[in-house]
Amino acid sequence: GSFDPVTRGHLDVAIRAASLFSELHIVVVHNPAKTPRFSSEERVQLIRTSLAELNPRKSLRITVDTLDSGLLVDYCRMVGAKALVKGIRTNVDVDYELPMAQVNRDLSGVETVFIPADPTHGHISSSLVRQVADLGGSVDKYVTAPVAKALSIWVANQKLEGGS
């Protein structure tokens, strides 16, 4: 995913997926249709810091990496992954993700496993978190403390620069 920023919903799906597989790779991908708020490396660091906050014993085998170009299935081939995990919140996510799952299987044989969002987090999206933060609202319920701090700094810097 783009994870811009990573939310508690993303992290919940990742931790649940990590309990199903011997190893999990969270891959921050470049989406040419989006202009990210944080760089790929910043997003990787926020994910790592957030996972450490939620899983301090590091009992799960999770690797966080980036893919700045190319197909996600090529990354899967490179690391020997047999499945992609996608979190789904609503039928809108299914409608968006299902065609990609079918193409990914056609291209590489990699299957997609859908994990439904926990109802506690099902209404949260990165874009909604960004909007709330931009308008001065608290995002503490939706993201970890390191992410909330990074968003606060980003918003403050935009105000100093005369941006949004």
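This is a predicted model: local features need pLDDT of at least 70, side-chain atom pairs count only at pLDDT 80 or more; totals for chains, interfaces and linings use all residues.
I'll start with T66. This residue sits in strand 2, which covers residues 62-67. Is T66 buried or exposed? Its relative accessible area is 19%, and the cut-off for buried is under 20%, so T66 counts as buried. Which residues does T66 touch, once neighbours within four places in sequence are set aside? The contacts are V27, V28, S40, E41 and V44. Of these, V27 and V28 fall within strand 1, residues 24-29. S40, E41 and V44 fall within helix 2, residues 40-54.

That brings me to helix 2 itself. Helix 2 packs against helix 6, residues 145-160. The angle between the two is about 145°, and the axes lie 8 Å apart. On the helix 2 side, the residues involved are L46, T49, S50 and E53. They meet A145, P146, V147 and A150 of helix 6. By class, this contact has five nonpolar residues, two polar and one charged.

Next, the salt bridges. How many are there? The count is seven, and I'll go through three of them.

One is R37 with D134, where the closest N and O atoms are 2.8 Å apart. The partners are 97 residues apart, and the pair links distant parts of the chain. R37 is in the loop between strand 1 and helix 2, while D134 belongs to helix 5, residues 126-134. As for accessibility, R37 is buried at 15%, whereas D134 is partly exposed at 26%.

Another is R89 with D93, with an N to O distance of 3.0 Å. Here R89 is partly exposed, with a relative accessible area of 39%. D93 is buried, at 13%.

The last one I'll mention is R105 with E111. Their closest N and O atoms are 3.6 Å apart, and the cut-off is 4 Å, so the pair counts as a salt bridge. What is the relative accessible area of R105? It is 37%, so R105 is partly exposed. E111 is also partly exposed, at 38%.

To go back over the main points: T66 in strand 2 is buried and contacts residues including V28 and V44. Helix 2 and helix 6 pack at about 145°. The R37 to D134 salt bridge joins a loop to helix 5.

Definitions and conventions
Residues are numbered from 1 along each chain as its sequence is written. Side-chain values use heavy atoms; hydrogens and water are left out. Helices (H or I, at least four residues) and strands (E, at least two) are DSSP runs, numbered from the N terminus. Buried means under 20% relative accessible area, exposed over 50%, partly exposed in between (1.4 Å probe, protein chains only). Contact means heavy atoms within 4.5 Å. Axes are lines fitted to C-alpha atoms, for helices over the stretch in contact, and angles run from 0 to 180 degrees between N-to-C directions. Ala, Val, Leu, Ile, Met, Phe, Trp, Tyr, Cys and Pro count as nonpolar, Asp, Glu, Lys and Arg as charged, and the others, Gly among them, as polar. A salt bridge is a side-chain nitrogen of Lys or Arg within 4 Å of a carboxyl oxygen of Asp or Glu.
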